[in-house]
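Here is a walk through one protein structure, from the overall layout to the core. Keep the model open as you read.

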Protein chains: 2
Amino acid sequence: MPCRGHHHHKPRSLSELAARLRGGAKKFTGPRKAVLEVLAAHPHPMTIKDVHSETKSECDLATVYRALHLLEEMELVKRFDFGDGIARFELLAEGDDGHHHHLICTECSDIIEIEECFTESLEEKIAERSGFKAVTHKLEFFGICPDCQKR
Amino acid sequence: MPCRGHHHHKPRSLSELAARLRGGAKKFTGPRKAVLEVLAAHPHPMTIKDVHSETKSECDLATVYRALHLLEEMELVKRFDFGDGIARFELLAEGDDGHHHHLICTECSDIIEIEECFTESLEEKIAERSGFKAVTHKLEFFGICPDCQKR
DNA sequence: AAACCAAATGCAAAACGTTCGCAGCGCGTT
DNA sequence: AACGCGCTGCGAACGTTTTGCATTTGGTTT
């Protein structure tokens, strides 16, 4: 599988995540621990529903929403949008801004990470031509994975 | 390889759109006419709510949803997703597959169309490496427009 | 032109992901 | 151990989108 991920970044330990929260005057609670553990165990963007059920529903769904919202603000997780109206989250490694893209199978939702970002220099060009500032982008790829092609 | 902007494509007339519908065993009804007229009058992706209010609410909101869904299936309109959970639709011109991208102001939602598609050759590369087939992509740019920078 | 039928509409209700208000619980501190 | 604020769970509400169903309407046939 050509998913190489971003292993140039060191993943954060749970205790470091706890320290990060406490450093931000936030509490390291049971639900937040559960959410972080689930995210740490999954290398790909997860839906909130999946995070919730992976915690064995130890905590409320609304709490998972709030936890992920907080973690996003603290830049410990990154939100991805695959265009289906369902938010997905990935735990960020140390020093990773989370800017990367995915290749998603439209049949089975299998996800492969794409490490290159091809459009960085283009942001400058677009900013220059349009007069826009702080230009960013969202880019995701879609296709049919080898397994689904056989079916 | 940059893709051609869509203003090189001839826009469809209402009567041609009517013929297209009828050719697909679909009816050219009042609501569908209203929706098509609204879309034809706006060069940028429109939310369903906006389409609905521009028709002066002559037809039901649910009907606008159904009309746009049908038109999307018939490839007469294209759906865009700006990551805010609200679908946007653009009328396609003749021979236009609608593949292009946008630069969206995160403050005022002003939209600029980007004509080049920078990632076409990359789809091939990605398909080759991953074994995926029928690889497409979604790409949108975000930034702050000149007007909003002044505020 | 009238009748016909499937397709399309309006309306209301529901489904969906997500957010919020609030009473009470628990983490980190004193 | 006790305190206080932040956090949680629960239910209700939100906004977008979908759906069920009785009624209407477009396109076709008599």
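This is a predicted model: local features need pLDDT of at least 70, side-chain atom pairs count only at pLDDT 80 or more; totals for chains, interfaces and linings use all residues.

Residues are numbered from 1 along each chain as its sequence is written, chains are lettered from A and ligands numbered from 1 in the order written, and side-chain values use heavy atoms, with hydrogens and water left out.

Start with chain A. Its secondary structure comes to 6 helices and 6 strands, taken as DSSP runs numbered from the N terminus (helices H or I, at least four residues; strands E, at least two). Along the sequence the order is α-α-β-α-α-β-β-β-β-α-β-α. The C-alpha atoms fill a box of roughly 45 × 45 × 30 Å along the principal axes. Of the 151 residues of chain A, 42% are buried, that is, under 20% relative accessible area with a 1.4 Å probe, counting protein chains only.

Now look inside. A nonpolar core is a set of buried Ala, Val, Leu, Ile, Met, Phe, Trp, Tyr and Cys residues joined through side-chain atoms within 4.5 Å. The largest one has 26 residues. Those with the most contacts inside it include A:F118, A:F141, B:F118 and B:F141. In both chains, β4 (101–105), α5 (120–130) and β6 (133–144) each supply at least two residues of this core.

Take A:F118. Beyond its neighbours within four places in sequence, A:F118 is in contact (heavy atoms within 4.5 Å) with A:L139, A:F141, B:L122 and B:I126. A second, separate core has 21 residues, among them A:V35, A:L39, A:A67 and A:M74.

Note on methods: Buried means under 20% relative accessible area, exposed over 50%, partly exposed in between (1.4 Å probe, protein chains only).
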